[in-house]
Amino acid sequence: MTDALLTLEGLTKAYPGVVANDAVSFAIQPGEVHALLGENGAGKSTLVKTIYGLVKPDAGQMVFGGRPFAPANPRAARAAGVAMVFQHFSLFDALSVAENIALGMDNPPGQRQLSASIRDVSEAYGLPLDPDRVVGDLSAGERQRVEIVRCLLQNPKLLIMDEPTSVLTPQEVQILFHTLRKLASEGTSILYISHKLEEIRALCEDATVLRLGKVVATCDPREKTARELAEMMVGTTLHVPEREGGESGDVLLQVSGLSLPAPSDFGTPLRDITFAVRAGEVLGIGGVAGNGQDELLDALSGERFAPAGSLFLRGQDVGRLRPNARRALGLLAAPEERLGHAAAPEMSLTENALLTGDVRQKLSNRGFIRWGKARDFAKSVIDTFDVRTPGPETAAGALSGGNLQKFVIGREILQKPDVFVVNQPTWGVDASAAAAIRQALLDLAQSGAAVIVISQDLDELMDICDHFTALNEGRIAPIRPASGLTIDEVGLMMGGAHDMHEAETAARAEAEA
Amino acid sequence: MRFRLEKRPAPSQLLLALTPLFAVLATMIAGGVMFWSLGADPLEAIRTIFWDPLFDETFSAYSRPQLLVKAGPLILIAIGLALGFKAGIWNIGAEGQYIIGAVVGAGVGLAFYPTENRLIFPAMVLAGAFGGWAWAMIPAILKTRFGTNEILVSLMLVYVAENILASVSSGLLRNPDGMGFPGSRNLARDYPAASNLEIFAGSGMHWGVVAAFIAVIFAYVLMTRHKMGFSIRLAGEAPKAARFAGISPTRLVLFSLGTAGALAGMAGLFEVAGPAGQISIDFNSGYGFTAIIVAFLGRLHPIGILLAGLLMALTYIGGELAQLMLGMPAAAIQLFQGMLLFFLLAMDVFANYRIRIRSREVA
């Protein structure tokens with residue numbers, strides 16, 4: 001233990017009403033890829049923030065490189081050699097890569113020198129990146145490279161990565177893993193936080209599992225199955241979504257030639273999207289974030305109108321109908337952003353139940369709200385979907401991500417939709433809540449509804465979908481049956497065939513030269 | 001040294017409820033200093049403004065009814081404004097809607113002069129509401145059709161309305177028996193069918209005050225029980241969620257600007273047919289702007305606005321008294337009212353944020 005890079009001893013941090021970290025102790029060896037596992041609310045973020053100097057522990061100590069380590073702020077942590085890539089990027093769309101990197105550095109060198117070192121680092125670690133490009137034009141994978149290169153320029157001894165692959169294609173994940181392994185082989189330690197157990201098994205040599213703030217296990221993830229890891233996290237046997245291959249019925253939703261201009265400068269236009277979903281079917285739409293997922297959901301939910309003749313529900317053109325008219329006909333949706341879009345953070349769950357439930361649940365009478373009925377509806381969502389909350393009067397913003405997501409999805413499912421469109425149903429949701437949500441989606445399809453799941457989590461899509469397609473720059477790939485698809489094929493669909501073509505041409509040109 | 005504002009994770013509800021009170025206290029203190037620097041006894045000045053209008057034996061007979069006379073239009077206008085403010089729609093031009101309401105309403109009344117009929121006054125009220133509504137529809141339609149900024153348009157229309165007022169008081173609506181002086185016939189004095197007199201003598205209660213109380217109840221029910229109130233709150237708190245819920249931003253803009261305009265127009269009519277009596281060049285006295293303070297002082301809540309309107313009316317009357325008794329300049333009184341809004345907003349910041357002081361770090 002004495003030669004460990006970072007040793008945590010009895011770290012404890014309590015917030016009012018909850019002990020986020022309870023005497024957490026473990027060690028990270030130099031050059032090791034160490035996984036930190038745990039459900040949402042298990043205390044991973046608090047622990048990582050403590051290491052990065054954002055949170056001061058109530059008790060316990062850290063030893064970093066043989067010296068006591070108690071960073072007062074992230075700057076001190078960075079100075080000591082700790083770098084962190086956050087789950088949410090903090091980049092300015094309108095600035096160039098180099099300008100963004102300079103903004104995140106404590107002592108940025110001159111612009112020219114910085115560009116040179118960005119090129120050096122990005123080449124050395126196989127992360128191609130042009131310092132002069134504007135970040136707004138980059139894909140999510142490229143944006144993440146900006147964050148990683150920013151960290152690497154500081155020559156960290158410990159690199160913390162929080163859910164880094166949630167926005168990447170399988171190919172991009174392979175590039176990232178290659179980089180991380182190279183870093184580790186050079187002696188940099190990596191603390192890797194993820195929900196994706198297969199990734200952890202592929203990448204990490206050591207794992208610490210947190211549950212309710214306590215370390216419940218340490219193990220070598222390569223020797224465990226994903227299921228064993230998940231059960232360590234949850235503490236119970238995990239319920240795996242089950243499905244029976246139902247017969248699919250009539251076409252319920254038909255999208256034909258749907259094109260829409262980008263809603264803003266950094267949005268994505270939808271280009272000639274055509275697909276159909278049948279009763280009893282789950283259609284998965286994969287793709288890297290920012291390829292038109294939000295725009296597609298808005299067009300289906302009615303937040304933006306679709307051109308006449310491009311959207312049909314049971315044969316009826318619904319493209320020019322407003323959201324509530326579509327709800328009345330049975331087309332329901334749940335957007336990705338839980339707070340602020342699917343739910344209003346400062347409003348109670350009752351009010352949030354009213355937000356989409358008014359039409360189908362008849363929560364108002366001639367414009368006057370039936371609060372009692374709205375409360376009952378909120379309560380039944382809470383009970384049916386096991387939403388952990390003091391009651392329907394709690395503000396939506398006070399719920400944890402997973403619980404709010406269960407509420408948001410449950411609110412729509414209890415309204416018995418004929419067609420249900422959901423974007424990122426389990427994003428940032430812990431394993432047991434995710435399993436419950438997926439099961440609910442399968443049950444919904446089983447009961448005869450058509451379900452469209454837009455997600456960046458391929459494992460999830462492969463688990464629950466009958467058919468699969470992917471969005472790329474607002475175009476949709478031809479629909480394929482999900483069974484029998486290889487991960488490579490999926491990656492090609494996500495990357496868009498035209499990309500591959502360009503790459504091939506480039507490769508050929510290079511070979512000829 | 002460097003100051004930094006840090007958002008409080010959970011602002012105390014008690015603190016939020018008490019901020020108007022703290023704001024009033026801070027205004028009294030800062031106002032006291034201002035009055036002292038103007039050569040008056042600060043305590044006497046504060047007493048003259050807040051206490052004498054209601055309880056002084058000499059003045060209260062005149063000024064107590066004035067409380068309702070002044071509070072009526074403030075509350076009526078502020079109730080309408082608050083609907084928009086809650087939804088994030090900023091109508092700054094209530095003063096203009098108030099003027100046009102008065103001009104149109106008085107115009108309808110004067111057109112019937114000297115016919116006596118019970119229906120004339122109700123018709124004037126409707127015409128006043130229509131005038132204010134129509135004036136507010138200009139920024140509303142420009143916003144929904146062309147995406148213009150309602151703050152600028154509604155504010156600029158105030159100056160247009162002031163010019164229309166000046167024009168009609170020396171032209172279209174000028175009193176034919178007025179020997180060429182600008183200003184219309186006096187509705188309150190000379191035309192009983194069109195006059196808005198006190199309902200109970202000496203109370204200050206005229207139909208405009210009744211309308212204000214009705215508006216408070218109407219707004220309260222709307223905000224707590226009706227879908228439109230829910231839509232307004234949702235649009236203000238989470239605009240994207242409002243779009244998802246299927247709320248049409250166009251409808252919200254038309255409704256909230258229209259309602260605010262109609263209420264302001266009615267307030268103008270009640271004023272011109274009662275306390276003011278006639279259309280004249282200097283008919284408007286800034287109620288439309290002061291109502292913005294009233295709306296925020298009342299936390300955009302109907303009951304809060306009722307109380308804030310009464311408080312603001314008190315500073316008006318007390319301010320006049322202070323001008324009269326202590327020789328304070330009118331500007332000092334306006335400054336005093338401005339302080340009230342300033343302190344309220346400042347206290348709000350402190351209730352929601354806390355100040356962190358950090359010594360400058362070496363980069």
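Is Glu237(B) buried, exposed or partly exposed? This is a predicted model, so the answer is computed from predicted positions. Glu237(B) has 18 other C-beta atoms within 10 Å.

Setting aside neighbours within four places in sequence, Glu237(B) is in contact with Ala344(A), Glu346(A) and Met347(A). As a distance within chain B, take Met266(B): from Glu237(B) it is 29 residues away in sequence, and 29 Å away in space, C-alpha to C-alpha.

That brings us to the contact between the chains. Chain A gives 22 residues to it and chain B gives 14 residues. On the chain A side, the elements giving two or more residues are helix H10 (323-329), helix H11 (349-361) and strand S18 (368-369). H11(A) gives the most, with 3 residues. By type, this side of chain A has 11 nonpolar, 8 polar and 3 charged residues.

Two of those elements come up again with helix H12 of chain A, residues 371-384. The spacing follows a general rule: an α-helix has 3.6 residues a turn, so residues three or four places apart point the same way. Just after H12(A), Asp386(A) takes a positive phi of about 55°.

Now chain A as a whole. The domain assignment gives it domain 1 (6-234) and domain 2 (251-500). Taken over C-alpha atoms, the centres of domain 1 and domain 2 of chain A are 31 Å apart. How many residues does each domain of chain A give to the contact between them? Domain 1 gives 20 residues, and domain 2 gives 20 residues. On the domain 1 side, H5, H6 and helix H8 (226-234) of chain A each give two or more residues. The largest share of that side, 3 residues, comes from H8(A). That side of domain 1 divides into 7 nonpolar, 9 polar and 4 charged residues.

H6(A) is worth a separate look. This helix covers residues 170-185, has 16 residues and reaches 22 Å from its first C-alpha to its last, close to the 22 Å expected. Which residues of H6(A) are buried? They are Glu172(A), Val173(A), Leu176(A), Leu180(A), Leu183(A) and Ala184(A). They cover an arc of only 110° around the axis, which puts them on the same side of H6(A). These buried residues pack against strand S3 (33-38), helix H5 (140-152), strand S7 (158-162), strand S8 (189-193) and helix H7 (197-203) of chain A. Just after H6(A), Gly187(A) takes a positive phi of about 105°.

Helix H1 of chain A, residues 44-51, is mostly covered, with 7 of its 8 residues buried. Among them are Lys44(A), Thr46(A), Leu47(A) and Lys49(A). Just after H1(A), Gly53(A) takes a positive phi of about 80°.

For one example of the packing, take Ile77(B). Not counting residues up to four places away in sequence, Ile77(B) touches Ala94(B), Tyr98(B), Leu263(B), Ala264(B), Ala267(B), Tyr287(B), Gly288(B) and Ala291(B).

That is the end of the tour.

How values were computed
Residues numbered from 1 in each chain as written. Chains lettered and ligands numbered in written order. Predicted model: local features only at pLDDT ≥ 70, side-chain atom pairs only at ≥ 80, totals over all residues. Contact = placed C-beta atoms within 7 Å. Helix = DSSP H or I, 4+ residues; strand = E, 2+ residues; numbered from the N terminus. Nonpolar A, V, L, I, M, F, W, Y, C, P; charged D, E, K, R; others polar. Expected span 1.5 Å × (residues − 1). Buried ≥ 20, exposed ≤ 12 C-beta atoms within 10 Å, placed from the backbone. Arc of directions from axis to C-beta. Domains from an automatic or database assignment.
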